[in-house]
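Here's a quick walk through how the strands in this model pair up. Have the sequence and the 3D view handy.

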Amino acid sequence: MLLSEFDALVVPEVPGCPLPSVRAAVVVAARKLCEDYWLLRDSAAITTVAGTATYVLTPVDAANNEVFAVYAAHIGTLELGPLTEDAHYRALSTQGPPSQYAFDGQQLRPLPIPDNAYDLIVEFTVRPKRTTQTTLDDRFIQYMEAVGHYAKYHLMSMTGQPWANPSLALFNNQRYKAFADGYRWRDARANTNAVLSVTMRPAC
């Protein structure tokens, strides 16, 4: 979808604000929504190569999006856990069937380093690229209200600008959170390109 589709939601409430600034604020708002609520989710199928330590994750809409966070990785029915303990860094130099993963913002590192070819499914969240200037992922059509409110909050919080309005900025931030919370409960997994999977946990 085009950034210009948000003009009607934002422009009338920030009189005097240049159009490029409005659209830059829309990108800020779309990134904020993705970072706060993880609503846009993709997946990638990777076949590991023995001895190859890192793998690049590519969003479905790579022209507009970048990977934000990995939230699941599977080899068949085996769920890989995220690398969380410093002691486990010994796995960085050993080879074997992967049981964990690390993600540095660009590359996925299965751990231990794969010793064979494994079919790995990785599920991750995405956000718009900071450099986006004309378009957003089409899935944002469902989230226009929240993005519009946060864009207005962002612009109205610019102290010293003619369109600044602290009280309305606060109102728009509250509306952003209300809409975004609604999205999270409604369809955090429905609007996804990822594999839908549920892992049963033992009862406490």
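What follows covers the ground rules, then the sheet, its helix and the hairpin.

## Ground rules

This is a predicted model, so to speak of local features takes pLDDT of at least 70, side-chain atom pairs count only at pLDDT 80 or more, and totals for chains, interfaces and linings use all residues. Residues are numbered from 1 along each chain as its sequence is written, and side-chain values use heavy atoms, with hydrogens and water left out.

## The open sheet

Four strands line up as β1-β10-β3-β4 in an open sheet with antiparallel pairing. Strands here are DSSP runs of E with at least two residues, helices are runs of H or I with at least four, and both are numbered from the N terminus. Two strands pair if DSSP finds at least two bridges between them. At the edges sit β1 (41-47) and β4 (78-79), each pairing on one side only.

β1 and β10 (residues 119-128) run antiparallel and share 7 bridges. One to look up: I46 has L120 in β10 as its bridge partner.

## The helix across it

Helix α2 (residues 19-37) lies across β3 (65-75) and β10, at about 140° to β10. Contact means heavy atoms within 4.5 Å; axes are lines fitted to C-alpha atoms, for helices over the stretch in contact, and angles run from 0 to 180 degrees between N-to-C directions.

## The hairpin and its neighbour

β7 and β8 form a hairpin with 3 residues between them, and G105 in the turn has a positive phi of about 100°. The two strands run antiparallel, joined by 4 bridges.

On β7, Q100 is the bridge partner of G81, and Q100 also has L111 in β8 as a bridge partner. Strand β5 (residues 81-82) runs parallel to β7 (residues 100-103), with 2 bridges joining them.
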